[in-house]
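This briefing is intended for a reader with the sequence and coordinates at hand.

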Amino acid sequence: MSVQELDKIFQDKIDAEIRIEPKDWMPEKYRQNLIRQISQHAHSEIVGMLPEGNWISRAPSLKRKQILIAKVQDEAGHGLYLYSAAETLGITRDQMTEQLLSGKAKYSSIFNYPTTTWADMGVIGWLVDGAAIMNQVPLCRTSYGPYSRAMIRVCKEESFHQRQGFESLLVLSKGTDDQRAMLQDAIDRWWWPSLMMFGPTDDESPNSQLSMKWKIKRFTNDELRQRFVDMCAEQVKLLNMTLPDPDLKWNEERKHYDFGAINWEEFWNVVSGNGPCNKQRLDARNKAWEKGAWVREAAVAHAEKRRARLKSEAA
Amino acid sequence: MTDTNYKPAGKAPFPPGRAGGWAFILHLADNALIIGQRNAEWCGHGPALEQDIAITNISLDQIGQARMLYNYAATLYNGFDSNEKTAVDHLVPRLWKAYNRELEEDDLAFLRDERQYLNLLLAELPKGDWAQTVLRQFFFSAFQFYQYTELQKSSDTQLSAIAEKSIKEVTYHLRWSAEWVIRLGDGTEESRRRITDALGELWMFTGEAFKPAPYEVIAVEDLKGAWIEKVATVFAEADLELPKSGWSQAGGKEGKHTEHLGYLLADMQYLQRTYPDSTW
């Protein structure tokens, strides 16, 4: 069969909403596009453990400590399913790890911002997980089977995290003046970076068009960002707090909230390595990986010794 | 792997936790919380994702145990008469007294000073490298296994129920940590050197568990034989030499700690102390 014919079968399947599975033929560009997107997503989960892990030792109650540990641990789990999904496309977890550690692969830029107060934990749950869910729910229907199935699991846990995050913010919003000030400050710091999580505007997004055609993506960056703004503009009222955007207002004609200009210069700088914590995050991952090398080697060596012993006993 | 047939010749099941046993409940809770806090330090920094998840799972179990125990201690305290309250006053957080409300689990965890903490020194030592973490966990879980086995027989039904629930978790912690001790002892040259170094660091902190404190209602000295036997079995498989019993560090059970605990508490308690009596 010619590539053209294979390509037609492939696109027909996509158009008919039939999932592509690992053994199916797929265009090389589709495979590469997916590897990039899934591994970036997996890396984001793993790097995302760090800013929240930063508050585990200082969580203000034992219950909050448990919730936070469990949440960060869920992120490690998401990283695992996503790496497995990417492995079905012919790349190994070690190769992907290498790409992350060398700085070649990207991860969500939001994790290059510091978590400086406890309120950041709840605000990350509400805004960052909220933006992630907005991006990820459509991925449950993405055209590649293993990715779509991984995302169904991820999304269930993420929406739980988002509710937990918002609940902890409701508590702060009803707390002391100090707690309310801590909350407003955290919202002010996380709002714009959260909007940037949807990626560049549609006309600046290099991978979007093809991803839409192949139904890897189903909504554009700007569509998802608008939905997110509309949702948060209402939710913030429940907290009696404000979003740090003087231009935010309801547009009756569009039936959407208008909002102010995003600082894309900041966005591109953080993406390209100049965020406040880019170096710190990558250093932490590199250190964990290097310090763990002897442990991983010992586990392999021991397993081999055991196998050899079993074999000689059987002989 | 775990010796479930263990039956020590202990004392008769101890009486329900009135003031006499209150410190003992705190001791159990502090052990679980402090080692749980240490293990959580691995979160996001483990040697492999699967092990990152495993060690934080253990931490979650331990913090869960601590919560049940603090909760029970707080409930008991709130029901004490004034004589009983006086008897345990030295263990009650000073800051809480100004709050004018009942004692809660978090007051016990976040407002007691270092000298009021009654955990074993072993639990508070820094996490060190992976060898120190897993060996400490193994020593600790092996002790906790026999201790909770005894506690299950307590006539204090609340305490026996907590022990019964927890021992399922502890059995897993013991199996997991024993497997790691074996893997590192019988792995590479480097892992063997590291687990041997860890043993050198930790051994003198293991004896404290078996020296009874005045409030201790279990005959802990009677648990030592079973513990040594368990350690010897795992060490044999790991090809590690069992050190001779020597001088043991002690004091944690009476609130006399290493320099490490103060930093752990300063970090852990910072929000509750900076914003007193707030709801989180």
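The points below are grouped by topic, beginning with the interface.

The model is predicted. Chain A and chain B bury about 4000 Å² between them, and three salt bridges are counted between the two chains.

**Interface between chain A and chain B**

- Chain A contributes 46 residues to the contact, and chain B contributes 48 residues.
- Carbon and sulfur atoms give 66% of the area buried between the two chains.
- Of the area that chain A buries against chain B, 20% is supplied by A:Leu62, A:Gln73 and A:Trp294, more than any other three residues.

**Salt bridges**

- Over all chains, the count comes to 36 salt bridges.
- A:Arg93 and B:Glu50 are joined through their side chains in a salt bridge, at 2.4 Å from N to O.
- This pair crosses between chains: A:Arg93 lies in helix α4 (residues 93–101) of chain A, and B:Glu50 lies in helix α2 (residues 49–79) of chain B.
- A:Lys305 forms a salt bridge with B:Asp186, in which the closest N and O atoms are 3.3 Å apart.

- Helix α12 (residues 293–314) of chain A and helix α7 (residues 157–185) of chain B cross at roughly 85 degrees, and their axes come within 8 Å.
- Because of this angle, α12(A) is roughly perpendicular to α7(B).
- On the α12(A) side the contact involves A:Trp294, A:Val295, A:Ala298, A:Ala299 and A:His302, which meet B:Trp180, B:Ile182, B:Arg183 and B:Leu184 of α7(B).
- By class, the residues of this contact are seven nonpolar, one polar and one charged.

**Helix packing within chain B: α6(B) and α8(B)**

- Helix α6 (residues 130–151) of chain B packs on helix α8 (residues 189–202) of chain B at an angle of about 55 degrees, with the axes 9 Å apart.
- The two helices are therefore oblique to each other, and the crossing of α6(B) and α8(B) is right-handed.
- From α6(B), the contact draws on B:Ala131, B:Gln132, B:Val134, B:Leu135, B:Arg136 and B:Phe139; from α8(B), it draws on B:Arg194, B:Ile195, B:Ala198, B:Leu199, B:Glu201 and B:Leu202.
- The contact of α6(B) with α8(B) has eight nonpolar, one polar and three charged residues.

**Helix packing within chain A: α5(A) and α9(A)**

- Helix α5 (residues 119–136) of chain A and helix α9 (residues 221–238) of chain A have axes 10 Å apart and pack at an angle of about 145 degrees.
- The crossing of α5(A) past α9(A) is right-handed.
- Residues of α5(A) in the contact include A:Trp126, A:Leu127 and A:Met134, while those of α9(A) include A:Leu224, A:Phe228 and A:Met231.
- This contact divides into nine nonpolar, three polar and one charged residue.

Notes:
Residues are numbered from 1 along each chain as its sequence is written. Chains are lettered from A and ligands numbered from 1 in the order in which they are written. This is a predicted model: local features need pLDDT of at least 70, side-chain atom pairs count only at pLDDT 80 or more; totals for chains, interfaces and linings use all residues. Side-chain values use heavy atoms; hydrogens and water are left out. Axes are lines fitted to C-alpha atoms, for helices over the stretch in contact, and angles run from 0 to 180 degrees between N-to-C directions. Helices (H or I, at least four residues) and strands (E, at least two) are DSSP runs, numbered from the N terminus. Angles under 35 degrees count as roughly parallel, over 145 as roughly antiparallel, 65 to 115 as roughly perpendicular and the rest as oblique. Contact means heavy atoms within 4.5 Å. Ala, Val, Leu, Ile, Met, Phe, Trp, Tyr, Cys and Pro count as nonpolar, Asp, Glu, Lys and Arg as charged, and the others, Gly among them, as polar. A crossing is left-handed if the near helix is turned anticlockwise from the far one by less than a right angle, and right-handed if clockwise. Buried area is the accessible area (1.4 Å probe) that two parts lose on being put together, summed over both. A salt bridge is a side-chain nitrogen of Lys or Arg within 4 Å of a carboxyl oxygen of Asp or Glu.
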